[in-house]
Amino acid sequence: MATNRKILTKKTENVSSFIDNYHSDVINEVEESITNNRVVVVGMAYNPHVSKVNKVLGENGVQFKYLEYGSYFSMWSQRLSIKMFTGFPTYPQVFVDGALIGGCDDTIKELNEGTLFNGLKKNK
């Protein structure tokens, strides 16, 4: 089973205050999606790693919620707030059952080798 990455939890008061006030609407949307969906992919347009994860999950019959925040040319500050929230530096960010499992390589590896997605795949 993949090693689940914990969302950044040890924050100083200043960091917590900054994160709470820096695009809190985006963070709330991500948190709500993680709570209400078993699999969530957070990404951005034109990123080949995000496209690859979305394609592979779809081909494997895994139902997921996709949240897109801009591209290389827009919404960088919203994506920065998500990186600060999770403590994970790249996109995509893939969450399964509330846990951040990682990015593209971690997700594909788990699909190919692990059991994390087995209960989430649709019968083909």
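**Helices and cores**

Modeller: This is a predicted model. Start with helix α4, residues 76-86: Ser77, Gln78, Arg79, Ser81, Ile82, Phe85 and Thr86 are buried.

Colleague: What makes these α4 residues "buried"?

Modeller: The cut-off is under 20% relative accessible area. Those seven names are listed as buried, so each falls under 20%. After α4 comes Gly87, with a positive phi near 80°.

Colleague: Which residues are buried in helix α5?

Modeller: In α5, residues 104-113, they are Cys104, Thr107, Ile108, Glu110 and Leu111.

Colleague: Why are they said to be on the same side of α5?

Modeller: Because they cover an arc of only 160° around the axis. On the other side of α5, Asp105, Lys109, Asn112 and Glu113 are exposed. Exposed takes over 50% relative accessible area, so these four pass that mark.

Colleague: What covers the buried residues of α5?

Modeller: The cover includes α3 (48-59), β3 (93-96) and β4 (99-102).

Colleague: Which residues of the largest nonpolar core touch the most other members?

Modeller: Val30, Val42, Tyr69 and Ile82, out of 16 residues. α2 (24-36), β1 (39-43) and α4 each supply at least two core residues. α2 gives the largest share, 4 residues.

Colleague: What is Tyr69 in contact with, leaving aside neighbours within four places in sequence?

Modeller: Among its contacts are Val26, Val30, Val42, Met44, Arg79 and Ile82. Contact requires heavy atoms within 4.5 Å, so each of these has an atom pair inside that limit. Apart from this core lies another, of 15 residues, among them Val39, Val96, Leu111 and Phe117.

Note on methods: Residues numbered from 1 in each chain as written. Predicted model: local features only at pLDDT ≥ 70, side-chain atom pairs only at ≥ 80, totals over all residues. Heavy atoms only, no water. Buried < 20%, exposed > 50% of the residue type's maximum accessible area, 1.4 Å probe, protein only. Arc of directions from axis to C-beta. Core = buried A, V, L, I, M, F, W, Y, C linked by side-chain atoms within 4.5 Å.
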